[in-house]
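Hi there,

Here is the structure I promised to pass on. Have a look first, and my notes follow below.

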Amino acid sequence: MDALGLARLQFATTTSFHFLFVLLTLGLVTAVAVMQTRATLSADPVHARMTRFWGRLYVVNYALGIATGIVMEFQFGLNWSGLSTFAGDVFGAPLALETLVAFFLESTFLGLWIFGWDRLDKWVHLALIWLVTLTAFASAFWIMMANAFLQHPAGHEPRDGVLRMVDFSALVANPTFGTAFLHVCFASLTVGGVFLTGVSAYHFIRRTTEVDFFRRSLRLGVVLTALATPMLIGFGFGQFPIVQRYQPDKFDTVGAVDGAGLGFMIQIGFVLLLVSWATVPLLLRDWVVRLRFPLYLMVAGIPLPFVAAIGGWLFREVGRQPWLIQGVLTTQDAMSHVSRDQVLVSFIAFTGVFTVLAVADWVLIARLARRGPVSSDEAPVSPLVPAL
């Protein structure tokens, strides 16, 4: 494999890792916000404990996801300096807004939420988790805007051999942006719902004594999945006519590389839709818990939305080749002047770091998930490190 192939493989690997963290973060923070809202409105201690338990899992995934994102950013300067030089004035704008307007605010609000437990007014504390949720999705908003520019460059003009932004509103109105962003949003909610469902089912398989706790978590997970999957599929198919209009060669390119993978991705979406809606009636009298067999399927289904999400991302990115910016800049021209050996070394280093982070994330989340809910008087995240 030449230097270009290695650089593409490196970015695909690291971005895929990071995307998995992002999806679970967005899905879990939404569920935690709903739990805390119910706890605040009802003063129900079970919902408060749910907020603490699932909040811990969310923060672990968030922290390690940030680490993968920071590492991933280095690749723009390391392997793809041509992109920054040629289109940085346009492509870099939403990325800068993501950092300044969304990420910094999200981190600030999250820190206040973590260390403000039992110290802040309950309504202020509730507002903080919703602000964390909104700024998390705002991050996805800006990132998807930048990605949409690569799919269909808008709002720019060539000047002195580079692209200059002339109309920021054109980036917002980019036809490849809105539907894709909403598709990612509902994908994350599906991931969060399936994760809640699978972990709760695992505890019922183990015959947990926290029956009410995990019954409510299971219900929330199933309902969240059932509500998110129709929108996920709808916005997924809604992108096809847009792709056919602005990137007509994408289906042929993906079909030549991995057409079966795209059929498989769509099937996962429909499976999650059918299973979640079939499970909703079983929640009424706790039949899903009594039958037990569905519980094993719920645990086994945890990886499915992650697999489908990676398939969707590969379809969006691989199908654009050989262009990095559709019709404007090729992947070859965007690559830095680095040798094959240099790319290989960085690929091994980045992949090693990401593998360690992914394993650490899985081990920590699995350990906390198996341990079960914390006591009612224990803060959700403040004592997280010694608790591990």
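What percentage of the 388 residues in the protein do buried residues make up? They make up 53%, where buried means under 20% relative accessible area, exposed over 50% and partly exposed in between, with a 1.4 Å probe and protein chains only.

Some ground rules: this is a predicted model, in which local features need pLDDT of at least 70 and side-chain atom pairs count only at pLDDT 80 or more, while totals for chains, interfaces and linings use all residues. Residues are numbered from 1 along each chain as its sequence is written, and side-chain values use heavy atoms, leaving out hydrogens and water.

Now the overall fold. The protein has 14 helices and 4 strands; these are DSSP runs (helices: H or I, at least four residues; strands: E, at least two), numbered from the N terminus. Its C-alpha trace spans about 65 × 45 × 40 Å along the principal axes.

Rings of Phe, Tyr and Trp (its six-membered ring) pair if their centres lie within 6.5 Å; planes under 30 degrees apart are stacked, over 60 edge-to-face, and the rest tilted. That gives 17 aromatic pairs. One of them is Phe213 with Phe214, edge-to-face at 4.8 Å centre to centre and 75 degrees between the planes.

Phe237 and Phe270 form a tilted pair, 6.1 Å centre to centre with 50 degrees between the planes. Phe237 lies in helix α7 (residues 211–246) and Phe270 in helix α8 (residues 250–279), so this pair ties together parts 33 residues apart in sequence.

Best wishes
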